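Hi,

Here is the structure I promised to pass on. Have a look at it first, and then read my notes below.

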Amino acid sequence: MSTALKTRKAAPGESQAPEIRRLASLLEVSQALSGTLNLKSAMHNVLEILARHHGAVRGIVSLLQPDGELRVEASDGISGSPRAVTYQLGEGITGRVVQSGKPIVVPRVSREPAFLHRAARRPELAHQELSFICVPIVLNRRAVGALAIDLKFDPARTFNRSVTFLGVVASLIAQAVKIHRLIDEDKRRLVDENTHLRQELRERYDFSNLIGSSGPMRQIYEQVTQVAGTNTTVLVRGESGTGKELIAHALHYSSLRASKPFVKVSCAALPESLIESELFGYEKGAFTGAEARKKGRFELAEGGTLFLDEIGDVNLATQVKLLRVLQQREFERVGGTETVKANVRLVAATNKDLERAIAAGSFREDLYYRLNVFTMFVPPLRERKADLLLLVDHFLEKFAREHHRSIRRISTPAIDMLASYHWPGNVRELENTIERAVLMCDGEVIHGHHLPPSLQTAEASGTITRVSLKDAVSAYEKDLIQDTLKTARGNCAKAARLLDTTERILNYKVRKHGIDAARFKG
Ligand SMILES: Nc1ncnc2c1ncn2[C@@H]1O[C@H](COP(=O)(O)OP(=O)(O)OP(=O)(O)O)[C@@H](O)[C@H]1O
Ligand SMILES: [Mg+2]
């Protein structure tokens, strides 16, 4: 080849024209590669340029995949689906070029046994003699793919310049591949980071430990979302055990202060004499035993949320102090003169009838108005029966897991008992009830008799009270047999085994109770 090049004397016009054409093509190629963010279509455009200006009757760009396979990424002049064409490293001419990182020229394809003919040429070229040039695409001194073209066979053709030229095109492609890989990597990193952040946000923002989809609960979620982003003081009201504290948490973790502390003060539990120093802290020597300065809850909650639980139980003197903080957003430590700024969002909760307390003179009206900026009323459980089953399921799962029990469900009569009870202790009472039932239950199903006596009223059970022991036992027996048949899918023999009795006895009882075993089949 090189001898052919040296001996062949080109006329000045003749040698210049291909050089200019090649330079012009390189410009076009670099424009094609930088003109789009779609690497595949950019590479395809490059192959078209080679076809248009350099007589390439077929062109292929293959790139190494992460699995080590060479796959055709772009092609021109191929029939069939080029995507399906792959080579192993070292396999065929292309595989060898990538493995060795050196170009290969096959002047006459028909005489080259290593030629694999994997990517089919267009039918009109099938019987034509072709020459094949394949150059590596090198990135960071490693071949990451190959650029190959077919030219019509011409006995007078020399390949040196074509190989050099294609090498430059391949290096332009390599640059484009590099940039795309960097962009891809960046994108992947950003997507990962975004997914991670979203996950974190979801965990903070979702109210996943607040169960309930009833209208009143949905309203609560809406209200939480509504005020979460503000600094408004929120007052959460509702009977004992309705979930006020959970809501205060949800408010904090949905707010911009979520990464700052959530500090709770149980006002009812603090002795009057301590509440001031607890809230505002004290200076060294403020009283006997005050050996060092101590931060109060207001200071500990700096930047976050201070949750004043049971605010209805605060004494009048402390109410005055609280009022001042609420009005001026500042306070002094006990025994101190320095004024401390309070950057906290206040959430207060109470199950007291504050209006009545005002009337009785035990709650300051001005404090009431300061707190009553945005009030949420959490309805008692008996007014949102729609949530009852959801809560039951939730607690059942929680306590079964906690106590390592394999409880699957609650019998229908037990559910009826839960549903007809009035739940004066609200969700807390329900939670305790389910925990007790889980502990009492020795099988897989919670029955009515696992529930506390307070639920075993005539009203609640509908069947058990004011009946004789015999009838109550009989009702329980029927209940148990039905449940077992359900588990055994109507198979009496299996149900008998589960109940540790004989099939004959079971069949007798099924008939006696008028149970339709066939109902449980399937
Ligand atoms: N919607 C709910 N979803 C899940 N658990 C709840 C829900 N509401 C309440 N609970 C649970 O019930 C119990 C009582 O809730 P919480 O302590 O928030 O009630 P409270 O309104 O603050 O009661 P109190 O006025 O007696 O302080 C907690 O264990 C809480 O996890
Ligand atoms: Mg509470």
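Two strands count as paired if DSSP finds at least two bridges between them. Please keep in mind that this is a predicted model.

Let me start with the sheet. Strand S5 (residues 130-139) and strand S6 (residues 142-152) run antiparallel and are joined by 10 bridges. The whole sheet is open and has six strands, ordered S3-S2-S1-S6-S5-S4, with antiparallel pairing. At its edges are strand S3 (86-88) and strand S4 (104-106), each pairing on one side only. From one strand to the next, the twist averages 20°.

Two helices go with this sheet. Helix H3 (residues 39-54) packs on it and touches strand S1 (56-64), strand S2 (69-76) and S6. The direction of H3 makes about 55° with that of S2. Helix H4 (residues 92-100) lies across S1, S2, S3, S4, S5 and S6, and runs at about 30° to S5.

Now for a helix pair. How do helix H8 (residues 272-280) and helix H10 (residues 316-328) meet? Their axes come within 10 Å and cross at roughly 20°, so H8 is roughly parallel to H10. The crossing in which H8 passes H10 is left-handed. On the H8 side, the contact is made by Ile 275, Glu 276, Leu 279 and Phe 280; H10 brings Thr 318, Lys 321, Leu 322 and Val 325. Sorted by class, this contact has five nonpolar residues, one polar and two charged.

Best wishes

How values were computed:
Residues are numbered from 1 along each chain as its sequence is written. Chains are lettered from A and ligands numbered from 1 in the order in which they are written. This is a predicted model: local features need pLDDT of at least 70, side-chain atom pairs count only at pLDDT 80 or more; totals for chains, interfaces and linings use all residues. Side-chain values use heavy atoms; hydrogens and water are left out. Axes are lines fitted to C-alpha atoms, for helices over the stretch in contact, and angles run from 0 to 180 degrees between N-to-C directions. Helices (H or I, at least four residues) and strands (E, at least two) are DSSP runs, numbered from the N terminus. Angles under 35 degrees count as roughly parallel, over 145 as roughly antiparallel, 65 to 115 as roughly perpendicular and the rest as oblique. A crossing is left-handed if the near helix is turned anticlockwise from the far one by less than a right angle, and right-handed if clockwise. Contact means heavy atoms within 4.5 Å. Ala, Val, Leu, Ile, Met, Phe, Trp, Tyr, Cys and Pro count as nonpolar, Asp, Glu, Lys and Arg as charged, and the others, Gly among them, as polar.
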